[in-house]
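Visitor: Please bring up the model, and then take me through the terms used to describe it. I would like each label set against the rule that assigns it.

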Amino acid sequence: MTLYQRRKFINNFNMTAAVLTTLFGLFWLVWLLWTLASHGVGYLSWDVFTQSTPAPGNSGGLSNAIVGSLIVTLIGTGIGAPIGIFAGTYLAEYGRSSRVAAIVRFFNDVLLSAPSIIIGLFVYQIVVIWMGHFSALAGGIALALIIIPLNVRITENMMRLVSDQMREAAAALGIPRWKIITRIVYRAALSGIITGVILGIARIAGETAPLLFTALNNNFFSTDLLQPIANLPIMIFQFALSPYEDWHHLAWVGAFLITFAILALNILVRFVLRPNK
């Protein structure tokens, strides 16, 4: 076999392996989406969005759980995303090779790999016990601690991909450093940073363990941030384990809503942020 034939064989082998592994991953993704759609769409109705979770044998919906999930997710994103972006900005623009930045990166990696149930127990200890009861605020804080390290890592990586020549050219024109970051670096890395926020939302939207120790659940409609609140992940967990068929149907609908809402959000963001040709 000549050198050209060997290189061609290796190239074809690697290309075939890449295509097959991609198809393997897509197969499971399509199967998952099809399973959720086939089990959830059939029981999707207007009552799901207008009625609260029912008692066994009664008609009802998921309005309280949907609103509760939106509330705790917004709290978690509102707290965690800005902190993660600002911390990532420090690491990318000011810290870089400093000892403080290295320490921050180390603890950020530890927090990034920490099990979510541990974070829930931590927030239970410092917030729930201090307040004396479960609450939507405690649930949002727990979700914020999950999204922060993800946003720190992605923001730093996206900002460091921006060429230093752009920073140097702006500095040569006398532009202040904060303007270089906000007007140049942020704009160049905007798509990646927002994608990181969306990935964070996708991760916390289905978290169950932290909410079991913080927000708990509520069978009634409530928007009080200082009281237990209904949410889709715990509702799915409880209804899926129940012996009641009607609750199983609602669990499938809840799983369908979470999955396809995140999918739609990702598609929308990528469509809005796509580069203009």
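Visitor: Which element supplies the largest share of the lining of the largest cavity?

Guide: That is α10, with three residues, where a helix is a DSSP run (H or I, at least four residues; strands are E, at least two) numbered from the N terminus. Both α3 and α10 (232-241) supply at least two residues of this lining. The structure is a predicted model, in which local features need pLDDT of at least 70 and side-chain atom pairs count only at pLDDT 80 or more, while totals for chains, interfaces and linings use all residues. Residues are numbered from 1 along each chain as its sequence is written, and side-chain values use heavy atoms, with hydrogens and water left out.

Visitor: What makes a space in the protein a cavity and not a pocket?

Guide: On a 1 Å grid over the protein atoms alone, a cavity is a set of points where a 1.4 Å probe fits but cannot get out, whereas a pocket is an open set with protein on both sides within 12 Å along at least five of seven lines; a residue is lining if it has an atom within 4 Å of a point. Volume is the space filled by probe spheres set on the points, which are joined across faces, edges and corners. A search of the whole structure finds two cavities of 30 Å³ or more, and the largest cavity holds about 40 Å³ of space. Its lining consists of T53, N64, A65, N217, N218, N219, A230, M235, Q238 and F239.

Visitor: How do the residues lining the largest cavity divide by class?

Guide: They divide into four nonpolar, six polar and no charged, given that Ala, Val, Leu, Ile, Met, Phe, Trp, Tyr, Cys and Pro count as nonpolar, Asp, Glu, Lys and Arg as charged, and the others, Gly among them, as polar. The second largest cavity, with about 30 Å³ of space, is lined by T195, I198, N266, V269 and R270. Its lining has two nonpolar, two polar and one charged residue, and α11 gives the most to it, with three residues.

Visitor: Where does the lining of the largest pocket come from?

Guide: The largest pocket holds about 370 Å³ of space. Among the 14 residues that line the largest pocket, L70, T73, A205, A261 and I262 are the closest to its centre. The elements that give two or more residues to this lining are α3 (63-95), α8 (177-205) and α11, and α3 gives the most, with six residues. By class the lining has eleven nonpolar, three polar and no charged residues.

Visitor: Which residues line the second largest pocket?

Guide: They are L29, L32, L33, I258, T259, I262, L263 and N266, around about 190 Å³ of space.

Visitor: Why is the pair of F256 and F260 called tilted?

Guide: Rings of Phe, Tyr and Trp (its six-membered ring) pair if their centres lie within 6.5 Å, and planes under 30 degrees apart count as stacked, over 60 as edge-to-face and the rest as tilted. By this rule there are eleven aromatic pairs. One of them, F106 with F107, is edge-to-face, at 5.3 Å centre to centre and 80° between the planes. For F256 and F260 the centres are 4.5 Å apart and the planes at 40°, so that pair is tilted. Both residues lie in helix α11 (residues 245-272), four residues apart, about one turn of the helix. Ring pairs also link F24, F27, W28 and W31 into a cluster.

Visitor: How do you know whether F256 is buried or exposed?

Guide: Buried means under 20% relative accessible area, exposed over 50%, and partly exposed in between (1.4 Å probe, protein chains only). F256 has 11% relative accessibility and therefore counts as buried, while F260, with a relative accessible area of 26%, is partly exposed. F106 and F107 are both exposed.

Visitor: What places I146 in its class, buried or exposed?

Guide: I146 has 1% relative accessibility and therefore counts as buried; it lies in helix α6 (residues 136-160). Leaving out residues up to four places away in sequence, I146 touches S116, I119, R203, I204, E207 and P210, where contact means heavy atoms within 4.5 Å. The C-alpha atoms of I146 and G120, 26 residues apart along the chain, are separated by 9.6 Å.
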